[in-house]
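Colleague: I would like to learn how to read a model like this one. Can we take it feature by feature?

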Amino acid sequence: MVKGILYCGGPSVGLRDWLVAYYSGANFSSSWPQLDDRQVIGTYRGRTAVALACRLLGIGPGHEVLVPAYNCGTELDAILHSGAGIVGYQVSRRCEVALEDLVVKRTRRTRAVYLIHYFGWEQPMQELRRWCDEQGLLLIEDCALALFSSGPLGGIGRTGDAAIFSLPKTLGCCYGGLLSLAKSRLVEDPVLSPAGYSAMVKELQHSGRPLVWKGLKRLGLYGSLLSVRHGIRRDRHSCGPSVAFPPMPDDYYFQPETDADRALHHRVCTMAGTHPWQETVRHRRNNYLRLANALQGLSGVKPLYERLPDGVCPLSFPVLVSERDACVEALQSKGIAALPWWAGFHRNGIDWSQFPDACWLKHNMVTLPVHQGVDDQHLAYVAEISAQVLKSSGARSRASQPPVYL
Ligand SMILES: Cc1ncc(COP(=O)(O)O)c(C=O)c1O
């Protein structure tokens with residue numbers, strides 16, 4: 001049993017890693033298997049890569065892109081920025097693409113299929129590629145949650161005409177995206193504006209934050225400051241009745257003036273190039289399996305995935321709960337970066353009432369941290385607290401009515 005509250009935040013880039021990056025000329029594109037044999041363009045953010053993919057592939061006004069109904073919303077907004085329309089397709093409660101719904105949703109205007117590899121697990125690429133080829137459609141893979149992951153045929157993200165990546169989710173920086181294009185889609189490297197000095201200032205501030213929390217922990221102040229912060233947040237968020245489709249945060253929307261046509265910061269590029277990715281995959285997989293073991297068989301705990309296939313680099317440990325907000329609150333109050341995954345809804349383009357399974361995922365998913373910064377002691381703590389919280393939430397929800405969310 002772990003004593004006291006531990007700091008278990010999200011992944012972050014250490015200040016030392018930035019220093020190493022400063023002196024290194026490393027470049028990731030030659031060493032990451034997911035980028036093998038592709039044209040790679042570094043972009044300011046993942047959403048920049050989505051918008052650029054649309055532009056370079058000729059997707060625009062008059063076109064439709066088929067998009068998965070279970071989504072972050074940021075990627076939808078970047079597609080909408082191209083002028084194309086979006087048409088949602090069904091995703092099951094196990095995060096599987098419903099191929100039969102793609103067939104139904106295809107129209108004369110359909111130009112591309114956009115798909116997401118959720119949490120590092122690969123979608124059925126051979127079937128999707130075959131169908132897109134038969135239909136003359138472009139295929140865009142969203143690997144924002146699948147950096148360093150591979151499937152039976154190798155690195156994820158090499159089947160589509162384009163694939164996009166978001167570096168912060170796995171590496172813990174603030175900004176960074178990649179667009180990779182298939183050989184058949186090679187283009188002249190686009191001219192992008194530099195990310196700028198302020199992006200680096202933000203990165204260093206972001207990297208310093210965990211050090212502050214850990215310093216407070218050493219001084220014995222972490223627990224009390226966390227509960228003050230938590231109390232303020234709870235007051236701020238407890239002001240209204242729960243709604244079926246709460247809006248996604250404003251900063252998830254695409255801001256053309258800052259997000260469009262901007263390059264990856266060169267320091268983020270070298271930091272990524274020096275990142276020990278094989279070590280990260282191994283660490284995340286170990287943590288995932290240990291957490292799965294610790295939570296196995298507990299009533300009220302339902303992991304999204306039953307297995308961790310070879311090659312998957314899990315973004316986090318996604319678990320389905322019936323009292324999402326209460327669970328997240330309880331976990332965060334103990335210093336654990338549990339997230340109500342994609343709880344917000346994009347305001348345009350999708351009629352959410354047509355997608356009950358995707359809405360169910362949005363309402364019931366919590367993710368637990370398993371990233372490379374979670375060491376043995378912290379993982380034991382995450383496992384112990386998560387087991388307590390999820391078990392008691394399961395018991396409460398069995399005793400009460402289930403929530404009515406579509
Ligand atoms: C599935 C998915 N695609 C794309 C993005 C965009 O990435 P970024 O935040 O780096 O712009 C996000 C996150 O916001 C995402 O969750």
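Colleague: Is Phe119 buried or exposed?

Modeller: A residue is buried if 20 or more other C-beta atoms lie within 10 Å of its own, exposed if 12 or fewer, and partly exposed in between; C-beta atoms are placed from the backbone. Phe119 has 22 C-beta neighbours inside 10 Å, so Phe119 counts as buried. Phe119 is found in the loop between β4 and α5 (125-135). Helices (H or I, at least four residues) and strands (E, at least two) are DSSP runs, numbered from the N terminus.

Colleague: What are the ground rules for the numbering and the model?

Modeller: Residues are numbered from 1 along each chain as its sequence is written. This is a predicted model: local features need pLDDT of at least 70, side-chain atom pairs count only at pLDDT 80 or more, and totals for chains, interfaces and linings use all residues.

Colleague: What is the phi of Phe119 near?

Modeller: Most residues other than glycine have a negative phi. Phe119 has a positive phi, near 55°. Asp37 also has a positive value, near 65°. Asp37 sits in the loop between α1 (15-23) and β1 (39-43). With 10 C-beta neighbours inside 10 Å, Asp37 counts as exposed.

Colleague: On to sheets. Which strands pair with β2, and in which sense?

Modeller: Strands of a sheet pair through backbone hydrogen bonds, either parallel or antiparallel. Two strands pair if DSSP finds at least two bridges between them. Strand β2 (residues 64-68) pairs with strand β3 (residues 85-89) in the parallel sense, over five bridges. Val65 has Ile86 as its bridge partner in β3. The chain crosses from β2 through helix α3 (residues 74-81) to β3, and this β-α-β crossover is right-handed. The term applies if, with the strands pointing away from the viewer, the path from the first strand over the helix to the second runs clockwise. β2 also pairs with strand β4 (residues 110-116), again in the parallel sense, over three bridges. There, Glu64 has Thr110 as its bridge partner.

Colleague: How many of the residues of β2 are buried?

Modeller: Four of its five residues are buried, and β2 is mostly covered.

Colleague: Where is the antiparallel case, and what is the strand order?

Modeller: Four strands form an open sheet in the order β10-β11-β13-β12, with antiparallel pairing. β10 (302-303) and β12 (339-340) stand at the edges, each with a single partner strand, so one side of each is left without a neighbour in the sheet. Strand β11 (residues 317-320) is joined to strand β13 (residues 365-368) by four bridges. Phe317 has Leu368 as its bridge partner in β13, and Val319 stands opposite Val366. On the other pairing, β12 and β13 share two bridges. Pro340 has Val366 as its bridge partner in β13.

Colleague: Which residues of β13 are buried on its two faces?

Modeller: Met365 and Thr367 are buried on one side, Val366 and Leu368 on the other. Both faces of β13 are therefore covered.

Colleague: Which residues come nearest to the ligand?

Modeller: A residue is near a molecule if its C-beta atom, placed from the backbone, lies within 6 Å of it. Of the 13 residues around the ligand, Arg45, Gly46, Arg47, Cys72 and Ser166 come nearest. α2 (46-56) and α3 each supply at least two residues of the shell.

Colleague: What is the overall secondary structure, and how much is buried?

Modeller: The protein comes to 14 helices and 13 strands. Buried residues make up 46% of its 406 residues. The C-alpha trace spans about 55 × 55 × 40 Å along its principal axes.
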